[in-house]
Amino acid sequence: MQIAHLSPTQLIERIKDPGIYIETGPFTIHLQTAVAHIAEGIRLLYEDFPILENSGVADFHISFIRTRSLRPWVRPEVRFRLDSESPFAPLPLEQAFPMFEWCFNWCISRHANQYLVIHAAAVERDGYATILPGPPGSGKSTLCAALVIRGWRLLTDELTLVAPATNMIAALSRPIALKNRSIDVIRSIDPQTAFGPICQDTAKGAVGHMRPPTESVLHVGDPALPRWIVFPTYKTKGAMNARPMSKGQTFMWFARSSFNYTLLGLTGFEVLSNLVDRADCFTLEYSNLHDVIEWFDGFDPRELAAAANSAHASQA
Amino acid sequence: MRVLSWTTPRLVWKSWGEEVIVFNVASGNTHLLSPVAAQALRILEQNPATIFELSNKLAGSASVDADEEFIEHVEKLITNLDELGLVEPVS
């Protein structure tokens with residue numbers, strides 16, 4: 001059963017009690033809340049995701065509780081709980097859905113140590129993944145959203161999960177978080193793109209989440225082989241500029257920006273070595289998304305295979 | 001006065017051309033090395049050496065003289081590597 005199979009009223013009632021078990025790639029969350037903003041966001045953005053029977057088994061049991069005050073001038077707020085812990089200060093009620101997304105990301109980045117968890121977006125085509133790392137504001141989510149609209153499969157917009165046993169990337173395919181002007185930029189590429197409610201005045205400015213394409217959600221169980229690593233930087237003007245980035249610098253960037261590289265110890269080193277080994281690495285400055293999409297469309301995974309084959313031939 | 005010999009903790013290596021990265025198994029830290037630091041660590045990993053011995057080996061591979069200035073550079077290099085936990089004196 002998928003979320004879309006529930007009516008809005010059924011969804012609200014079920015999330016309220018006993019909560020719903022949503023399967024998002026390798027993780028199952030048990031979400032329980034009476035906050036309507038969250039139920040509405042789930043309805044709009046997670047409709048293709050499977051919901052599981054109430055088994056009591058989940059990777060994360062999370063709830064959001066509206067805080068109450070007897071003083072009417074105090075704005076209503078929402079508090080997040082993971083199990084019985086409440087690790088963060090509450091946020092205004094209007095920000096409840098972005099808060100759900102941020103807290104879900106936090107759960108994964110904090111606890112999913114069966115993966116190397118890298119702060120990066122990732123998309124897939126023909127079984128090969130392009131990883132888009134970058135600090136907040138670099139434009140990685142915007143670029144990720146644009147590529148997804150143009151047919152790349154969404155793996156993740158925020159947390160790239162690399163499985164140590166296979167060195168493959170596991171997909172999450174959750175909604176893409178966009179901020180401020182990026183929301184209009186993506187709407188200009190495809191006016192049909194569905195968004196959840198746009199929240200103004202968050203700590204990050206205006207935040208909206210783009211609904212993941214159905215195809216991406218249906219193939220969430222298909223892992224992808226890392227093939228390209230592109231560090232995007234958005235500029236307000238100027239021509240696109242892509243340059244090779246050294247593997248050593250790429251490795252060190254990932255080591256610093258991974259959530260659990262240090263915790264994984266030698267395993268983290270080996271996973272990252274393998275990842276960087278098999279990828280072509282670039283820095284990319286861009287101001288025009290159409291130019292960039294064209295550049296990405298030129299990616300050919302056979303080029304690496306050909307290079308690897310000729311290297312083996314010369315060693316022999 | 002006894003002259004110290006230096007060795008390395010257990011290191012795991014990864015290199016792409018001249019770029020060398022080591023993982024220090026004892027500390028869990030990862031380092032991107034300069035070519036000369038990488039060469040010094042490879043020498044010390046194979047056999048412990050004093051700064052004088054290490055200087056001679058490094059100078060020999062670079063076809064330069066291990067003069068006083070060169071040895072001072074190597075001494076500073078070992079000090080830096082010691083601060084990073086990448087070398088340790090042989091007890």
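This section describes the fold of chain B and the strand pairing in chain A of a predicted model.

Chain B comprises three helices and five strands. Read from the N terminus, its elements follow the order β-β-β-β-α-α-α-β. Chain B has a radius of gyration of 13 Å, close to the 12 Å that the globule rule gives for 91 residues, and is therefore as compact as a globular protein of that length. The C-alpha trace of chain B extends over about 35 × 35 × 20 Å along its principal axes.

Burial, contacts and surface composition were also computed for chain B. Among its 91 residues, 43% count as buried. Of the contacts in chain B with a separation of 6 or more, 53% are between residues 24 or more positions apart.

In chain A, six strands form an open sheet with mixed pairing, in the order E3-E1-E2-E4-E5-E6. Its edge strands are E3 (51-52) and E6 (91-92) of chain A, each of which pairs on one side only. Within the sheet, strand E4 (residues 60-67) of chain A pairs with strand E5 (residues 77-82) of chain A in the antiparallel sense, over six bridges.

Technical notes
Residues are numbered from 1 along each chain as its sequence is written. Chains are lettered from A and ligands numbered from 1 in the order in which they are written. This is a predicted model: local features need pLDDT of at least 70, side-chain atom pairs count only at pLDDT 80 or more; totals for chains, interfaces and linings use all residues. Side-chain values use heavy atoms; hydrogens and water are left out. Helices (H or I, at least four residues) and strands (E, at least two) are DSSP runs, numbered from the N terminus. The radius of gyration is taken over C-alpha atoms; the globule rule is 2.2 Å times the number of residues to the power 0.38. Buried means under 20% relative accessible area, exposed over 50%, partly exposed in between (1.4 Å probe, protein chains only). Contact means heavy atoms within 4.5 Å. Two strands pair if DSSP finds at least two bridges between them.
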